[in-house]
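Please open the model in your viewer and keep the selection panel at hand. The tour goes from the whole chain to its parts, one selection at a time.

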Amino acid sequence: MPQTLRTTDSTNYTDLVSETADAVRAAGAALRERFGDVVRHSSRDELMHALADNDDTALAVLRPRLTRLRPNAGWVEEELDGGALPPGEWWVVDPAEGNINHLHGLPEWAVTATLVRDNRPVLTAVHLPLTGETYTALTGAGAHLDGRRLHVSPATDLSLSVVATSQARPDEDGTVVRRVGSSITAMLFDALVVRTAVPATLHLLNVAAGRIDAFWQFSGARADLLPGALLVTEAGGQLSDAQGHPWTPHSDSFLAAAPGVHAAAVATLSR
């Protein structure tokens, strides 16, 4: 990653990106109608039911549209799943990325759809319904925001950089939670500003757009990382795990950075 797109079929991939973007916009419009006042939930079961209702609302729009576009592709809609996929093409979607923010009346949420072939993202579309922005990437053809080409930051000094991470997932292993905490502490010493929030995808959009210089995460799910991974690489960024080794879906950490600060970020995270 990045890779050369294999065009062994007659697909017009530019059109496919556009149609995928239309699908996430339509799903985002459905979720926007449900967005509003905070509704407090008295139990975890109630909260999980509300999260599932948002997912189902978006999936009712996304699944038929994306299936029509690539009827032979597999389908992954469980946003917490990680690891490698079986060979072939798969739609990896997060119907409400930042779902918990949506329910709490916070603006940081999105709809994502990524076509993955043999565990490499081919194309992605990410829509932010409250701003109307749509980010797209096609392997070998660049990353774009509403048609405008994106480029990562030219930063070369981590001490002048804005960096970001997300938090550990609920019920995450304690070792991972402590690793997240120690990495934030290390970055507080070495970087200019450290941002911590969910979801991961929105941080990665900012890396691709040059607003944030680096993003890291420990563990993580396919739907969290694949859209942003393609956007960042197509915008000229560098991917690895936190130790600087090549990132794969099996990796236990993830780092996306402007090339000029990547090595320094690895050094900080490896302490």
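With the whole protein chain selected, consider its radius of gyration, which is taken over C-alpha atoms: a compact globule of 271 residues would have a value near 18 Å, and the protein chain has 18 Å, so the two agree. (The globule rule is 2.2 Å times the number of residues to the power 0.38.) Along its principal axes, the C-alpha trace spans about 50 × 50 × 35 Å. This is a predicted model, in which local features need pLDDT of at least 70 and side-chain atom pairs count only at pLDDT 80 or more, while totals for chains, interfaces and linings use all residues. Residues are numbered from 1 along each chain as its sequence is written, and side-chain values use heavy atoms, with hydrogens and water left out.

Now switch to a cartoon view, where the protein chain shows seven helices and twelve strands; these are DSSP runs numbered from the N terminus, helices being H or I with at least four residues and strands E with at least two. Of the 271 residues, 52% are buried, a word that stands for under 20% relative accessible area, with exposed meaning over 50% and partly exposed in between (1.4 Å probe, protein chains only).

Next, select Tyr135, Phe215, Leu231 and Phe254, which have the most contacts inside the largest nonpolar core, a group of 35 residues. Such a core is a set of buried Ala, Val, Leu, Ile, Met, Phe, Trp, Tyr and Cys residues joined through side-chain atoms within 4.5 Å. Among the elements that each supply at least two residues of this core are strand E2 (89–97), helix H5 (200–208) and strand E12 (253–257), but helix H6 gives the most, with seven residues. Apart from this core lies another, of 28 residues, which includes Ala30, Val61, Leu62 and Leu69.

From its first C-alpha to its last, H6 reaches 18 Å, close to the 18 Å expected at 1.5 Å a residue, where the expected span is 1.5 Å times one less than the number of residues. Just after H6, look for Gly236, which takes a positive phi of about 95°.

Then select the open sheet of five strands, whose order is E9-E8-E10-E12-E11, with mixed pairing; two strands pair if DSSP finds at least two bridges between them. Strand E9 (193–196) and strand E11 (238–240) stand at the edges with a single partner strand each, so one side of each is left without a neighbour in the sheet. Within the sheet, strand E8 (residues 162–165) and strand E10 (residues 214–218) run parallel and are joined by three bridges, and Thr165 stands opposite Trp216 in E10. H5 packs on this sheet, touching E8, E9, E10 and E12, and its direction makes about 155° with that of E10. Helix H7 (residues 259–269) also packs on the sheet, where it touches E10, E11 and E12.

Finally, go to E2, where nine of its nine residues are buried. Strand E1 (residues 74–76) pairs with E2 in the parallel sense over three bridges, with Gly74 opposite Trp90 in E2, whereas E2 and E3 pair in the antiparallel sense over seven bridges, and the bridge partner of Trp91 in E3 is Leu115.

Definitions and conventions:
Contact = heavy atoms within 4.5 Å. Axes fitted to C-alpha atoms, helices over the stretch in contact; angles between N-to-C directions.
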